[in-house]
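Have a look at the structure first.

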Amino acid sequence: MNYKSNLIQQFSERGYIHQATDIDALDALAADHTIPTYIGFDCTADSLHVGSLVQIMMLRILQRCGHKPIVLMGGGTTKVGDPSGKDTARPLLSDQDIEFNKNGIKSVFEKYLTFGDGPSDALMVDNADWLDSLHYIRFLRDYGPHFSINRMMGMESVKLRLEREQLLSFLEFNYAILQAYDFLELRRRYGCQLQMGGSDQWGNIVTGIDLTRRVDGQEIYGLTSPLITTSSGAKMGKSANGAIWLNDAKLSSFDFWQFWRNTEDSDVARFLGLFTELPMDKVRKLGALEGAEINQAKIILADEATRLCHGIDAAKKAKATAQTTFGDKGMSDGLHQVTINSADAASLSVIAALNMVGFAKSNGEARRLIRGGGAKVNDNPITDEDAMISLADFQDGKLKMSAGKKRHALIILS
């Protein structure tokens, strides 16, 4: 479908649209006006992972189309916890933990957005600025009449918990009300006209739109992106080693690059559209490759996604590391590294080494990896569960550990 605005046209072509409250009216508005738009990010960890990358890319595209991104840090709502998509309540964090996590998350957006005072420069705000100072009785009197318990009971996040007879606390039940108030407050403070989010946020977004119409008589909009899973059904953002974090300190650029290089064949075209800025005609050509040729498309996907997150130099280094590691069966300094002293290295078992580099979480898991033929030392398969590592195994002070074909790390002598 052809749209009037570059923004909605790109969102549509690249696969970002799941639902929208009034797509035609939003398209017409985007064609003629700068739209301040927000997405909220709760501070539940000290980094975001790939599961949030769709929303980050949407804000980036929005800015490149001349509109104004508003990044809302959930310093206030994190104290309540979003029940959407959760079977149990999120752990409650201290104010200090929330502040620490917020600072870690902020650094992610500096890679993708331009912040400043211009019409389309991004803005970062914290909903604790208004939520922390709310007076409970006054808030209930002013806004409580506009929320229907009947309607809220039908929201997906509430309904699923009740159907499964899982506890939903009154604290969590309030989350949708506070998110709705965020939208109202952002419209009043910054003229925000659009909220975007994942498909699990649809009920919360619509609630905010309804509140703003009722209280201020203003027309605002909502747009959600589809839940991104791999073709095999795995949730986006997770790997065999854990979450694919967007902060350098939590995940190396090599591991980030390798995550995209290992994309399933059937996901390549979709991920090129969502996670790179390549023109769509090139995306379609790369996505149509078959057989061994699809690997070239995966390398381009890895290069482009890593360039955006870690910079062009890190992307080049990660690619070179992969070529050394997988092409020449050599050792590269770009791999994840663990340091050990010579005395400990002289009495190190393979099982302990697998645990040390993070390829196993227990001795039993390490033994299963060895039994399955997945453990290697310096590219040599290990079959003996009681095998030991000697100082002679270290080449120029380095020893390469591998788990399967895709996970590699170095143990370095200090």
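Buried means under 20% relative accessible area, exposed means over 50%, and partly exposed is in between (1.4 Å probe, protein chains only). This is a predicted model, where local features need pLDDT of at least 70, side-chain atom pairs count only at pLDDT 80 or more, and totals for chains, interfaces and linings use all residues. Residues are numbered from 1 along each chain as its sequence is written, and side-chain values use heavy atoms, with hydrogens and water left out.

**Salt bridges**
- Taking a side-chain nitrogen of Lys or Arg within 4 Å of a carboxyl oxygen of Asp or Glu as a salt bridge, you get 22 of them.
- Glu277 and Arg60 form one, at 2.4 Å from N to O.
- Glu277 is partly exposed at 24% relative accessible area, while Arg60 is buried at 14%.
- Glu219 bridges to Arg213, with the closest N and O atoms 2.8 Å apart; Glu219 is partly exposed at 41%, and so is Arg213 at 39%.
- A salt-bridge network links Arg367, Arg371, Glu385 and Asp386.

**Aromatic rings**
- Rings of Phe, Tyr and Trp (its six-membered ring) pair if their centres lie within 6.5 Å; planes under 30 degrees apart are stacked, over 60 edge-to-face, and the rest tilted.
- That rule gives eleven aromatic pairs.
- Trp260 and Phe271 are edge-to-face, because their centres are 6.2 Å apart and their planes sit at 85 degrees.
- Both Trp260 and Phe271 are buried.
- Trp260 and Phe275 are tilted, with centres 4.9 Å apart and planes at 50 degrees.
- Ring pairs join Phe256, Phe259, Trp260, Phe271 and Phe275 into a cluster.
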